[in-house]
Amino acid sequence: MGGVDRLDQNLACYMIQHRSKKWYWPIFRFCVDLAVQNAFQLYRMQEKIPGAPEHDLLSFRRQIAQTYVQTLSMKKNSVPYPPPRVAVDRRVLTEVRTDATDHWIAQGTQRRCVALGCKGTSVFYCEKCNVGLHPGCFKAFHCK
């Protein structure tokens with residue numbers, strides 16, 4: 001069997017299956033499958049290392065996937081996505097937020113409430129801190 005026939009046969013065995021409306025995804029998937037197939041052919045042509053496991057195409061693809069998963073999971077400096085929401089808004093200093101002077105609730109334009117656990121929007125805000133807050137979240141936001 002020629003090289004093109006072998007390529008077609010091996011690509012048909014373990015093709016990446018993914019439905020998409022984007023026109024370029026089938027081309028991208030084909031390129032990834034082609035790169036894995038070429039890497040497998042190079043692996044078959046190299047000298048065998050004594051004691052190393054012998055891989056067929058499926059186990060070779062699995063080994064590639066496991067290597068990527070291990071490599072990416074070992075990154076300790078990675079930022080979790082999405083980043084966790086902090087208890088207070090970073091735009092307001094803790095000293096200003098908790099000084100208990102001149103914090104007045106006012107009504108203005110609609111803003112996102114910055115209190116922890118509150119995911120809504122409010123037309124109320126603190127005049128001193130200039131952040132959106134519900135009247136119920138106002139006291140909890142300005143306490144330590």
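This is a predicted model: local features need pLDDT of at least 70, side-chain atom pairs count only at pLDDT 80 or more; totals for chains, interfaces and linings use all residues.
Student: Okay, on to the fold. In what order do the elements run from the N terminus?

Tutor: Reading from that end, you get α-α-α-α-β-β-α. That makes five helices and two strands.

Student: Let's take a helix, then. Which residues of α1 are buried?

Tutor: Start with the general idea: an α-helix has 3.6 residues a turn, so residues three or four places apart point the same way. Now the case here: α1 spans residues 3-13, and its buried residues are Leu 7, Asn 10 and Leu 11. Looking down the axis of α1, they fall within an arc of 100°, so they line one face of the helix.

Student: What covers those buried residues of α1?

Tutor: The cover includes α2 (25-45) and α3 (57-73).

Student: How should I read the largest nonpolar core, and which residues make it up?

Tutor: In soluble globular proteins, nonpolar side chains tend to be buried together. Here the largest nonpolar core has twelve residues, including Val 92, Cys 113, Cys 118, Cys 126, Cys 129, Leu 133 and Cys 137, along with Phe 138 and Phe 141.

Student: Which helix gives the most to this core?

Tutor: Helix α5, residues 135-141, with three residues.

Student: Last one: what share of the contacts with a separation of 6 or more joins residues 24 or more positions apart?

Tutor: That share is 38%.

Terms used: Residues are numbered from 1 along each chain as its sequence is written. Side-chain values use heavy atoms; hydrogens and water are left out. Buried means under 20% relative accessible area, exposed over 50%, partly exposed in between (1.4 Å probe, protein chains only). Helices (H or I, at least four residues) and strands (E, at least two) are DSSP runs, numbered from the N terminus. The arc is that of the directions from the helix axis to the C-beta atoms. Contact means heavy atoms within 4.5 Å. A nonpolar core is a set of buried Ala, Val, Leu, Ile, Met, Phe, Trp, Tyr and Cys residues joined through side-chain atoms within 4.5 Å.
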